[in-house]
Amino acid sequence: MLEVNNLNCFRSNESILSDLSFSLDRGEVLEIIGTNGSGKTTLLRTLLGLIKESQGEIKWNGNLVTRENQILTSESFYQGHSLALKGRLTVIENIYLSAHPLNFETDKLLESLERVNLLNKKDVLVSELSVGQKKRVSIAKWLLTDAQLYLIDEPFSALDDQGHKVVEGLIKELINRGCSFLLTGHRKSKEEYGAFHLD
Amino acid sequence: MNKLSLTSILFRLLQKDLLIAYRKTSSYLTPLIFFLVVLTFFPLAIGSDSSFLNRIAPGTLWIAALLSSLLAVESLFNEDFNDGTLDQLFISNQPIFLLIIVKVFSHWMITGSPILLASMIGVIFFDLPTSSIFTLLVSLILGTLILSFLSAFGGALSLGKGAILSAIIVLPFSIPVLLLGTAATNAAIQEIEHSSYLFFLGAMLFIVMPFISIATAEALRINSD
């Protein structure tokens, strides 16, 4: 499904990722573990073509990914370290007017908010939510997209135990539907996901 | 799951930017108040000689409009850059220059359209003939739209840096707009032929809109890397 061969990435002539190769099949989860600054976020952004200074081969379903054909971005969902939420919009407005185009019925939106325990906060401004609750707003979008690949930067950070369980449950549900996950983190999660260390 | 049409995506982007601006009053009040302060202080400082005020009115109105539009340059892309929205726009698989045109248009609705209304107060302050109002309004609509596109380009080039840098980038490019807008209003006050200036401004807008949007998209891509 996703195949990365000899990926190199540079920042101001400094090598961030060097000869990185891995593959990810349908229904698989791969965790990229590394310390701060080891290039986890850079890797996700490079795969999506957001970083220009990179070399190597990225293939999606056997086809070469280029900046022009956008075959990876059209079938993936990216949740970065910055969650792309607007403090002056309510939870529901943030999802409805998401920069990542989502198309869904209102029932589905309410259901996804219920899954992340935010239904009672649907009309609250995002600026009034805690960091963990903001993260849950972003996680609620996972069920509202038809993406095949989820690129999630530190999905467990800022979440309490209940939040961890919600995320793990959603990942299980989505991989059962055939979706794949590329996650980043500082340490390996308790789940039996595939993992590799960047540093 | 059905895909959203491009029109729906563009409409939602416009709706989002307008809703955020509506809840952040400073985004439209700051340029408006600045514009009004400049217009008010000029007659107070210079005196009430009607013919002299008439002569300086177009220049004053246009300089006030130009400086007011520069005040909001920083807010155009910096917030989207800092909160990750810009990344999401780039990977949304939509024509990025169209998204930028919508963002600039919403920016103009937030900062430019209040200036249009406030310019009517300028007409009273400077005792301008009512026959010049239409030309003043049309020239300001075209001119402030061009200034919004130029501001977007300046904002993209100075992404993550200060507003001063964007102002330095935008100001030289805005001189032709200032000259044409002032000339159109002056000609209308003197009741001489002025439509050619408006056609020039219109032509500039249609040239600037696609080219600046594409250049802005590329500048954003490079600077958000």
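The pLDDT is the predictor's confidence in each residue, from 0 to 100. This is a predicted model, in which local features need pLDDT of at least 70, side-chain atom pairs count only at pLDDT 80 or more, and totals for chains, interfaces and linings use all residues. Residues are numbered from 1 along each chain as its sequence is written, with chains lettered from A and ligands numbered from 1 in the order in which they are written.

**Exercise 1.** State the average pLDDT of chain A and where confidence is lowest and highest.

*Solution.* Chain A averages a pLDDT of 89, and 100% of the residues score at least 70. Strands are DSSP runs of E with at least two residues, helices runs of H or I with at least four, numbered from the N terminus. Confidence in chain A is lowest in strand S9 (residues 194-197), at a mean of 76, and highest in strand S7 (residues 149-152), at 95.

**Exercise 2.** Describe how H2(B) and H3(B) are oriented to each other.

*Solution.* Begin with the axes, lines fitted to C-alpha atoms, for helices over the stretch in contact, with angles from 0 to 180 degrees between N-to-C directions. Those of H2 (residues 26-46) and H3 (residues 50-71) of chain B come within 9 Å and cross at roughly 155°. Angles under 35 degrees count as roughly parallel, over 145 as roughly antiparallel, 65 to 115 as roughly perpendicular and the rest as oblique. H2(B) and H3(B) are therefore roughly antiparallel.

**Exercise 3.** Count the residues in contact between chains A and B.

*Solution.* In chain A, 24 residues are in contact with 24 residues of chain B. On the chain A side, twelve are nonpolar, seven polar and five charged.

Terms used: Contact = placed C-beta atoms within 7 Å. Nonpolar A, V, L, I, M, F, W, Y, C, P; charged D, E, K, R; others polar.
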